[in-house]
Amino acid sequence: MEFYIPTETGEFLAFCAAIATGLLGLFCLFAPGTALKLAGLQPRETSREGLAFVRSAGGFYAGLAIVALLMAQSWIYMAIGGGFALAAFGRILSLMSDGAFSAKNLVVLFVQAVLAALPLGYAFGFL
């Protein structure tokens, strides 16, 4: 199997979203404490389950992205886009109902929306 770098614009944008997903996953996998601090969370000193959760979630993101980069299939890009679309929906719900309206949450919402739109746009033929 050889590594494929897309030349078509839409597929390349989905490929870039997969790279960003993989980098985000690797960051959470190898620096969970920093990831929690950036999210405004702190693990308790007596409990390390929070770090384990962030590491495992990061591993999931990284694994999905690696498969997308190696397989270069639109349905895998669709899985990444669908996941980020639901994450953005959850963040919108939080902004509306949890009183979590802040500049930081708006920036993360924008990033999630872009990481959802690029792979979904390619998978459904809009890009």
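At what angle do the axes of helix 1 and helix 5 cross? The axes of helix 1 (residues 9–30) and helix 5 (residues 103–123) cross at roughly 140° and come within 8 Å. The model is predicted, with local features needing pLDDT of at least 70 and side-chain atom pairs counting only at pLDDT 80 or more, while totals for chains, interfaces and linings use all residues. Residues are numbered from 1 along each chain as its sequence is written, and side-chain values use heavy atoms, leaving out hydrogens and water.

**Helix 1 and helix 5**

- Helix 1 and helix 5 cross in a left-handed manner, meaning that the near helix is turned anticlockwise from the far one by less than a right angle.
- In the contact (heavy atoms within 4.5 Å), helix 1 supplies Gly10, Glu11, Leu13, Ala14, Ala17 and Ala20, and helix 5 supplies Leu115, Leu118, Pro119 and Tyr122.
- Eight residues of this contact are nonpolar, one is polar and one is charged.

**Helix 3 and helix 4**

- Helix 3 (residues 49–71) packs against helix 4 (residues 74–97) at an angle of about 150°, and their axes are 9 Å apart.
- Helix 3 and helix 4 are therefore roughly antiparallel to each other.
- The crossing of helix 3 with helix 4 is left-handed.
- Tyr61, Leu64, Ala65, Val67, Ala68 and Met71 of helix 3 meet Ile76, Tyr77, Ala79, Ile80 and Phe84 of helix 4.
- The contact of helix 3 with helix 4 has eleven nonpolar residues, with no polar and no charged ones.

How values were computed:
Axes fitted to C-alpha atoms, helices over the stretch in contact; angles between N-to-C directions. Helix = DSSP H or I, 4+ residues; strand = E, 2+ residues; numbered from the N terminus. Nonpolar A, V, L, I, M, F, W, Y, C, P; charged D, E, K, R; others polar. Parallel < 35°, antiparallel > 145°, perpendicular 65-115°, else oblique.
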